[in-house]
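Take a moment to look over the whole assembly before reading on. The paragraphs below walk through it one part at a time.

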Amino acid sequence: PEFLARFQARIDAEEKIEPNDAMPEGYRRTLVRQIGQHAHSEIVGMLPEGNWITRAPSLKRKAALLAKVQDEGGHGLYLYAAAETLGVSREEMTEELHAGKAKYSSIFNYPTLSWADIGTIGWLVDGAAIMNQIPLCRCSFGPYARAMIRVCKEESFHQRQGYEIVMTLARGTPAQREMAQDALNRWWWPSLMMFGPHDADSEHSDQSMAWKIKRFSNDELRQKFIDATVPQAEFLGLSVPDEDLKWNEEKNGYDHGEIDWSEFWRVVKGGGQMNVDRIRDRKAAWDNGAWVREAARAHAAKRATRKQAAE
Amino acid sequence: PEFLARFQARIDAEEKIEPNDAMPEGYRRTLVRQIGQHAHSEIVGMLPEGNWITRAPSLKRKAALLAKVQDEGGHGLYLYAAAETLGVSREEMTEELHAGKAKYSSIFNYPTLSWADIGTIGWLVDGAAIMNQIPLCRCSFGPYARAMIRVCKEESFHQRQGYEIVMTLARGTPAQREMAQDALNRWWWPSLMMFGPHDADSEHSDQSMAWKIKRFSNDELRQKFIDATVPQAEFLGLSVPDEDLKWNEEKNGYDHGEIDWSEFWRVVKGGGQMNVDRIRDRKAAWDNGAWVREAARAHAAKRATRKQAAE
Amino acid sequence: MARLEAVLELADDHLILGHRISEWCGHAPMLEEDLALPNMALDLIGTARVLYDHAAKLEGKGRSEDDLAMLRVEREYRNCLLVERPNGDFAQTMLRQLYFAAFMEPFWKAALGSSDEIIRGVAGKAVKEMAYHIRHAGEWVIRLGDGTEESARRMQGAVTELHRFTGELFESSPAAAACEAEGVLPVRADMRGDWDRVIGMVFGEALLEQPDIPFPQTGGRAGIHGEQLGHLLAEMQYLQRAYPGAEW
Amino acid sequence: MARLEAVLELADDHLILGHRISEWCGHAPMLEEDLALPNMALDLIGTARVLYDHAAKLEGKGRSEDDLAMLRVEREYRNCLLVERPNGDFAQTMLRQLYFAAFMEPFWKAALGSSDEIIRGVAGKAVKEMAYHIRHAGEWVIRLGDGTEESARRMQGAVTELHRFTGELFESSPAAAACEAEGVLPVRADMRGDWDRVIGMVFGEALLEQPDIPFPQTGGRAGIHGEQLGHLLAEMQYLQRAYPGAEW
C-alpha cells in the first residue's frame, strides 16, 4: 500500500515509468494487455488493406498503399518491443492472438469491398486511431509513450493520404463518387465503435485513468472524432449515414444517433464477417513460415559454432 | 513364328484382336505405350484449356469450354480402360506419367496466352487429332478401335466449336482479329508437328503399319491436315504463317515450308515452356487428392465389413 | 423492381458456385471427379444463364445475360456468402455443394408451382439436377466423414468452416419476400425442414455433428461479401472488361 | 522504336517482380520480412514508374505511366519469364530476387554511363537498391541452404525450379541490342561474369550447386509468357479496366 501510494505519486507528478522500475502487477498487466492488443491490431490491420495492393488502380496508389501497410508492420514491431520490456515475448503474444485469447481492434473484422474502402480506412479508421493515440504519447509508461510518438506521426500521414484518396473519388466520376459514399456508409458506425463502449459501460477505465495510461474517456474521444470528421465529410459532399446527426450549439459539438452496441459486441465476440478469416490468415502465415524461422535459428547456431571453433 | 504368322493372318483379314486373344508381346507393348500416351494426352490436355475456364468471355463460352474439358477427361477414362484390358492399371500409368517415363502429346507444352488460343486449339489441335484418330477407329485392337469411335465423334464437335470461336474473333473487332491471327501464328507449326517426324525419321512406324495399329504414315496425315486446314484459314481471312506454303497442282495438295525439327525434339525431350508446369500440376492434383482416394477406399472397406457382419 | 432483384439473387448464387466448382477443372483428386465436378458446374451455370436472361428481360433495358453476369461491380452481386467461399479442400467443396443443393432441391420443387412461367421451367430441370448434387456430394461427405482419420478431421473442419454460412440460405431479402408474397418464389424459410432432414441423414452416416453457430453470417443479399469475391470477379470479368462491346 | 521497346522491357521486369513481391504483404514468415518484402517491392515499383514515364514520353502519344503499366494485354508485356514466376515458397521468392538483383546490380552500374539521361538517373538510385536486394536475398539463400534439412531441400528445389529462367536475363531482344549499340543500355551478356561471381559466392556458402540446364527457357521478350501472367494481369488491371478513363 505504501508502495502503491509512492507509485501513484510518481504518476501524478507525470514521471515516466520505465521497464526496470517497480510497478504494481495490475499496472503491468493492463499495459501488457493494451500494448499487445495494439500491436496485434497493427498486424491484423495489414490484411484488409493488403487485400487491395494487387488491385490498386495506379502505380502511385499501389506504392503508397504498400508503404502504408509496411508502416503498420513497423508499428507492430515497435509495439511488440515495448510490450517485451514488460517481460512477454513477441512469440507468446502471437500465439495468444492465434489462439483467440488476445484481442485486436474489431474494425479489422469488416471486409474491404472496394477501392474506396482503402481511402476510407485511412480517413476514418486511422483518424479514429489518432484520436485514441495522441493522448497515449503522454502515457505514464515510457516505452509505450515513445512508441506512440513515432506511430502518431506516421498515422497522421496515412490519415491525410486516405482523405486524399476519398477526395479524388468524391470529385471523380459518378461511379467513383457512389463508391466513396458507399464506403462511408459502411465504415462510419464501426469507426465510432472504435472508441469503445459508452463511459458508463466501460471496464478498466477508471483505474487506467488514474494510472495515466488513459487520459480521456471513450465518449470524449468519440465526440472529438465526430466533431473533426463531420466537416470533412461535408467538404467532400458526402453524407454521414446518421439521420440524427446535428450540430448542438450549446455543447459546441455534434449530437449523434444511437450506436448499435449489439453489433459492436457481436464483432468483439468473434461474430464479425472476417474474424475467422483474419485469424486463419495470420495463423497460416505463421505456420507456413515455421520452417523459415527454424532454418534461420539453425543457421545462426551453426555459424556461432563455427565462429567459436575458429577462435 | 507359326503363331506370329497366324496372328498376322488375322490382322490381314481385318479381324479385331480382343484382350483375351493371344498376341505378340511387341503388339501388346506397342498398344500399351500408344494408348497410354493417348490417354495421358487427354488428361494433360485439360490443363491448357482449363486455364481459360475462369476467364471465358461469356457464359455460353464458359459452359462450352467446361463441357469440352470434361469430354477430354471422359476420353482419358475410356482410353485408360482400353489400356487396362492389356493388363496395366490406370494407377501404374499415372505414376509413369508423373515420373516423366510416359509421354503425352507435346502440343500441350505450349501455353494458352489468349482466348483465341482456346478457339485455335479446337480448330487446329483437335483437327490434327481427328486426322490421326479417324484411322484408329479401324485399328486392329478391338477395345482401342471402339474407344476411338466414340472419341472421334466428340472431337469433331470440338473442332467445329473451336473453328466457330475463331470465326467469331476473325469477324470481330480489330483487336479480336489480331488475337486470332496471333494464335494461328503460334499454334500452326506445333500442330503440324503433332503428326510426328517425317516418315524417313519415324521409329515404330513399319511394324505398326503391318499390325494395322497405324494405317497412314505421318507425312500422309500431315498433308491431309494441311490440305483441309489452309482453305479454312483463307475462309476466315487469316494467314497461315508459312511463306513457302503454296498449292501444288500436280500433287493436288499444298507444299509447305520446312518444319523446325529441333524445336520439335526440344519439346519432346522436356524443354517446352510448360513441360515442367504441366507435370507439376498433374502431380499436385494427384498428391493433394491422395487423402481423398484413401478415405474412399477405407470407407468402402468399412461398408463391406458391416455388410458382411449384417449377413 | 422486386422480381428482377430476386431473380438476380438466384442467378448470382448459381453462377458464383458454378464458377467456384469450375476452378477444380483438371485438378480433382481422381479422374471420375474431373468429370463429376464440371457436370455440377454446368448444371449451375446452365441455370444461371436462364435466370440472367429472365432478369435481363424483366429489366427491359436491353442488357444481355452476359452484361448482367459479367459487368456488375462486386457490391452489386447478390449471391449468398456460402457460394463464394473459396474451394478449400475437397471436403469443403463437397460440403458446400451439399449444403446448397439440400436447400435448392426443395426450393425448386416448391417453385414448380410458381406463377412465373420461366421460374417453373427452370425448376423442372433444376430439381432433378439438385437431387443428383445431393446424392453425389452427400456420398462424398459420408465417405470422407467415415473414412480415414485424416478425412474425418478435414470433414469436421469443413463443417466448422462452412456451417455458419448456411443460415443465410433461409433468409429472404425484401425483394425475395415480395416475390414470395406474390407466389412467384417459394418462401425460403419453409425449406428448413427438408434441409435439416437431408443434412441430418447425411451427417448421421458421416459421423458428423451439426455445430452450434453463435454468429450466423449473412450479408450477401445486401452485397456485403467476403474479400475473396472481388478476386473471383477480377478474373471472371477480365475479357469483358478488357474488350468492351466485343462479341465472343 | 527500339528505345521505347527496350525501356518497356525493363519497366515490365520491375513492375511484375514488384507485383509478385507485393503479394506476400501480410503473409510473410516473420514480421521483419513483412517489412523487408514491401521495401523491395517499393524499390522495384518505384523504378518501374520512372521507366514507364520515360517510355510514355518516348512514345509521345499522350499515354501515361499507368496506361502503359495497366492497359496493355498479356502478349504486349515484355518482361522476362523469371520475374513472373509464382512466388512459391519463401525459398523460391528469395532465390528469384537474388537471381534478378545479381543481374540488375551490375547492369545499373554499367548504365551509369548511359547516353540517356533518364536511364542514368534511374541507375544511380537502382544500383544501391539492387545491392541491398542481393544482400538481403543472398543472406536468406545462405540461411535456408545451410539451415535445416527441410530448408535445404526447399532451397535446392527452388534452384531446380528457377535456374532454367536465368539465361533469358543475359539475352538482348533486337530492341535492346539496338540500344546497346547506341550506348543507351549496357550489353546484357556482359553481366555474366558479375552474376556468376555473386551466385557462385552465395551458392558456395549456401551449399547449393548450380544445375545443368539442358533447356533454358526464354520467350518473355517476345511476349510468350507462362500461363500465370494472365491471372496476375487480370487482378492488376481490374480497376483500370472496370472504370475506363477514371482518375484515381
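Predicted model: local features only at pLDDT ≥ 70, side-chain atom pairs only at ≥ 80, totals over all residues.

Residues are numbered from 1 along each chain as its sequence is written, chains are lettered from A and ligands numbered from 1 in the order in which they are written, and side-chain values use heavy atoms, with hydrogens and water left out.

Start with chain C. Chain C has 11 helices and 0 strands. Here helices (H or I, at least four residues) and strands (E, at least two) are DSSP runs, numbered from the N terminus. Along its principal axes, the C-alpha trace of chain C spans about 55 × 40 × 35 Å.

Much of chain C is covered. Buried residues make up 65% of its 248 residues. Buried means under 20% relative accessible area, exposed means over 50%, and partly exposed is in between (1.4 Å probe, protein chains only). Now look at who touches whom. Contact means heavy atoms within 4.5 Å. Among contacts in chain C between residues at least 6 apart in sequence, 79% join residues at least 24 apart. Charges come next. Lys and Arg count as positive and Asp and Glu as negative, while His and the chain ends are not counted. Each charge is placed at NZ of Lys, CZ of Arg, CG of Asp or CD of Glu. Chain C has 25 positive and 40 negative charges, and their mean positions are 3 Å apart.

Turn to chain A. Chain A has 13 helices and 2 strands. Its radius of gyration is 21 Å, close to the 19 Å that the globule rule gives for 311 residues, so chain A is as compact as a globular protein of that length. Its C-alpha atoms fill a box of roughly 70 × 55 × 30 Å along the principal axes. In chain A, 58% of the 311 residues are buried. Of the contacts in chain A with a separation of 6 or more, 77% are between residues 24 or more positions apart. Chain A carries 41 positive and 45 negative side chains, and the centres of the two sets lie 7 Å apart.

Next, go inside. In soluble globular proteins, nonpolar side chains tend to be buried together. A nonpolar core is a set of buried Ala, Val, Leu, Ile, Met, Phe, Trp, Tyr and Cys residues joined through side-chain atoms within 4.5 Å. The largest one here has 180 residues. Those with the most contacts inside this core include Y27(B), W115(B), L95(C) and W108(C). Helix α5 of chain C, residues 90–111, gives the largest share of this core, 14 residues. Apart from it lies another core, of 179 residues, among them I11(A), A180(A), L82(D) and A102(D).

Follow W115(B) for a moment. Leaving aside neighbours within four places in sequence, its contacts include W52(B), P57(B) and R61(B), and also L239(C) and W248(C).

Which helix of chain D is largely enclosed by the rest of the structure? Helix α10 of chain D (residues 228–236) is, because 8 of its 9 residues are buried. Among them are Q228(D), L232(D) and M236(D).

Finally, pick out some single residues. Most residues other than glycine have a negative phi. K212(B) is not a glycine, yet has a positive phi of about 55°. K212(B) sits in the loop between α9 (205–210) and α10 (218–236) of chain B. At 18% relative accessibility, K212(B) counts as buried. L207(C) also has a positive phi, of about 60°, and is not a glycine. L207(C) lies in the loop between α9 (192–206) and α10 (228–236) of chain C. Is L207(C) buried or exposed? At 59% relative accessibility, L207(C) counts as exposed.

Methods
Rg over C-alpha atoms; globule rule 2.2 N^0.38 Å.
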